[in-house]
Structures are given as structure tokens and as C-alpha cells.
Amino acid sequence: MINQSLCYPMFGELPVSLEELFARGAQMGYAAVECWAPGEDFAQTVALAKSHGLRMASFSGHNSLENGLNNPFEHERIERELRASIDLAARHDVPGIIVFSGNVRSGQSETDAIAATAAGLWNY
């Protein structure tokens, strides 16, 4: 088995069922699957992955790739969303959540963006 995961939303419209994708992934030696945003069916998706010997490796911990921790005005929202995501991950034995720094902001230097992202994580 390879210690790798497949991110099933990357496949877009699947020509096979999610169950078939997970079965094929497991047969190929994948250890886990990933999703972007857990939806209403997250518990069922985790259970489906487990039924094929796969683990849910991670999911996006907060909304918006574009508006991330490099924007200090987003820190409070992101903290709320991350806390909820951490609870969800713990309930479903998901070892990781993804945190986004955000897109480049007009007028913000790379150094300032790094400092804002670090501050957002530090304060959390």
C-alpha cells in the first residue's frame, strides 16, 4: 500500500459511483481519500471510505481559498470555522484539516501576508 490519498472532488463528474471510485482506489493501493468541503453526507462518505479500507485524510477547515489567514479581518471567521472543523474531524477520526493563507492581497507585501497568517494561527 502506498501512503497516498486521492482527492475525489478533483475528478469532477464521475463516470462511476463514489463507491466504485473508492473501491478502485483501494485496489490500486491508496490509503485514504480527501474532500474539499464536508457536506451533509460527510458521515456517510467517511463510512463508505472505511468500508473499502480507506481513511478520510483531510478536508478544508474553513470556507474560501481566496480569503484566508493572510487577511487579519478574516481571522475571527476562520477561527470559528476551524473550531467546528476540528470537532468534526475528531468525531470522524480525520487526522488533518487544510488551512488556507489566502490569495495575494493588493497592497500587502509577502512579509506582511506571512506575518498575518502566522498571527492567525498563533492566536488560534
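Which residue forms a salt bridge with E74, and how far apart are the closest N and O atoms? The partner is R77, and the closest N and O atoms are 2.7 Å apart; a salt bridge here is a side-chain nitrogen of Lys or Arg within 4 Å of a carboxyl oxygen of Asp or Glu. Please keep in mind that this is a predicted model, in which local features need pLDDT of at least 70 and side-chain atom pairs count only at pLDDT 80 or more, while totals for chains, interfaces and linings use all residues. Residues are numbered from 1 along each chain as its sequence is written, and side-chain values use heavy atoms, with hydrogens and water left out.

**The sheet**

- Four strands make up an open sheet in the order β1-β2-β3-β4, with parallel pairing. Helices (H or I, at least four residues) and strands (E, at least two) are DSSP runs numbered from the N terminus, and two strands pair if DSSP finds at least two bridges between them.
- At the edges are β1 (5-7) and β4 (96-98), each of which pairs on one side only.
- From one strand to the next, the twist averages 25 degrees; axes are lines fitted to C-alpha atoms, for helices over the stretch in contact, and angles run from 0 to 180 degrees between N-to-C directions.
- Strand β1 is joined to β2 (residues 32-34) by 3 bridges, and the two run parallel. In this pairing, C7 stands opposite E34 in β2.

**The cysteines**

- The disulfide count comes to 0, where a disulfide is a pair of cysteine sulfur atoms within 2.5 Å.
- C7 is in no disulfide, and its nearest cysteine sulfur, that of C35, is 7.6 Å away.
- Likewise, C35 is in no disulfide, with the sulfur of C7 as its nearest at 7.6 Å.
- C7 is buried at a relative accessible area of 17%, and C35 is buried at 3%. Buried means under 20% relative accessible area, exposed over 50%, and partly exposed in between (1.4 Å probe, protein chains only).

**A nonpolar surface patch**

- M10, F11 and W36 form a nonpolar patch on the surface, together giving about 360 Å² of accessible area. Patches are made of residues with over 30% relative accessible area and no salt bridge; like charges are joined within 9 Å, and nonpolar side chains (Val, Leu, Ile, Met, Phe, Trp, Tyr) within 5 Å. Accessible areas come from the Shrake-Rupley method with a 1.4 Å probe, and for residues only the protein chains shown count as cover.
- F11 lies in the loop between β1 and α1 (18-28) and is partly exposed, with a relative accessible area of 46%.

**Salt bridges**

- There are 6 salt bridges in the structure.
- Both E74 and R77 are buried. Salt bridges that share partners join E74, R77 and E81 into one network.
- Within helix α1, R24 forms a salt bridge with E20, the closest N and O atoms being 2.8 Å apart. Because R24 and E20 are 4 residues apart in helix α1, they are separated by about one helical turn. R24 is partly exposed at 41% relative accessibility, and E20 is partly exposed at 33%.
- D93 and R55 meet through their side chains in a salt bridge (3.2 Å, N to O). This pair links distant parts of the chain, 38 residues apart: D93 is in the loop between α3 (75-91) and β4, and R55 is in strand β3 (residues 55-60). D93 is partly exposed, with a relative accessible area of 46%, and R55 is partly exposed at 37%.
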